[in-house]
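Here are some short notes to read beside the model. Keep the structure open and check each point as you go.

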Amino acid sequence: MARIIETIDVDVPVSVAYNQWTQFESFPHFLSFVESVTQLDDGTTHWKVKIGGAEREFTAKITEQHPDERVAWNSVQGKDEHAGVVTFHKLSENETRVTVQLDWKPEGFVESVGAAVGIDDHAVKKDLTRFKEFIESRGTETGAWRGDIEN
């Protein structure tokens, strides 16, 4: 399994950053590899992604979600094997540290080489920068889900 850990500080309150992250269907606005995310129920999402020219679909189950703290998930259906967690840390009233940890299994030679040389780390870092630009330019979230999940 490859592991990616990236962090970015965003100039919005922790609740705004967290609330935006719960709006999974908005992910294509700032995650470059995401074609679409469909929320199936409070704890299940269906993803269509394009990685290195290869299109994939999978279903992910939220395993833990606590408002203003964390969202964790793992894939439960589809070819991709991955799990991750996004945590939110209040730095001040208007600044939040967002940390993404993603564990995934590269498929084939190209993905294995890409993971080995850090292309996936760079992509996640770039997408976090896009998240920062997206949320800071808006100043507010596009929606919110404040439920709590513990599986």
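1. Start with strands. Two strands pair if DSSP finds at least two bridges between them. Helices (H or I, at least four residues) and strands (E, at least two) are DSSP runs, numbered from the N terminus. Now look at β3: eight bridges join it to strand β4 (residues 54–66), and the two run antiparallel.

2. A note on the source. This model is predicted: local features need pLDDT of at least 70, side-chain atom pairs count only at pLDDT 80 or more, and totals for chains, interfaces and linings use all residues. Residues are numbered from 1 along each chain as its sequence is written, and side-chain values use heavy atoms, with hydrogens and water left out.

3. What does β3 do on its other pairing? Strand β2 (residues 34–41) and strand β3 (residues 44–51) pair in the antiparallel sense, over six bridges. The two form a hairpin, with two residues between them. Thr 38 stands opposite His 46 in β3.

4. Next, the aromatic rings. Rings of Phe, Tyr and Trp (its six-membered ring) pair if their centres lie within 6.5 Å; planes under 30 degrees apart count as stacked, over 60 as edge-to-face and the rest as tilted. How many aromatic pairs does the structure hold? There are ten. Trp 21 and Phe 131 are edge-to-face, because their ring centres are 4.9 Å apart and their planes stand at 75°. This pair links distant parts of the chain: Trp 21 is in helix α1 (residues 14–21) and Phe 131 in helix α3 (residues 119–138), 110 residues apart. Both Trp 21 and Phe 131 are buried (under 20% relative accessible area; exposed is over 50%, partly exposed in between; 1.4 Å probe, protein chains only).

5. Phe 24 and Phe 27 also pair. Their centres are 5.5 Å apart and their planes at 75°, so this pair is edge-to-face. Phe 24 and Phe 27 are buried. Ring pairs link a cluster, with Trp 47 and Phe 58 among its members.

6. Is Thr 96 buried or exposed? Thr 96 has 0% relative accessibility, so it counts as buried. It lies in strand β7 (residues 95–104). Contact means heavy atoms within 4.5 Å. Not counting residues up to four places away in sequence, Thr 96 touches residues including Val 12, Ala 17 and Phe 88.

7. Finish with Ser 92, in strand β6 (residues 82–92). At 33% relative accessibility, Ser 92 counts as partly exposed.
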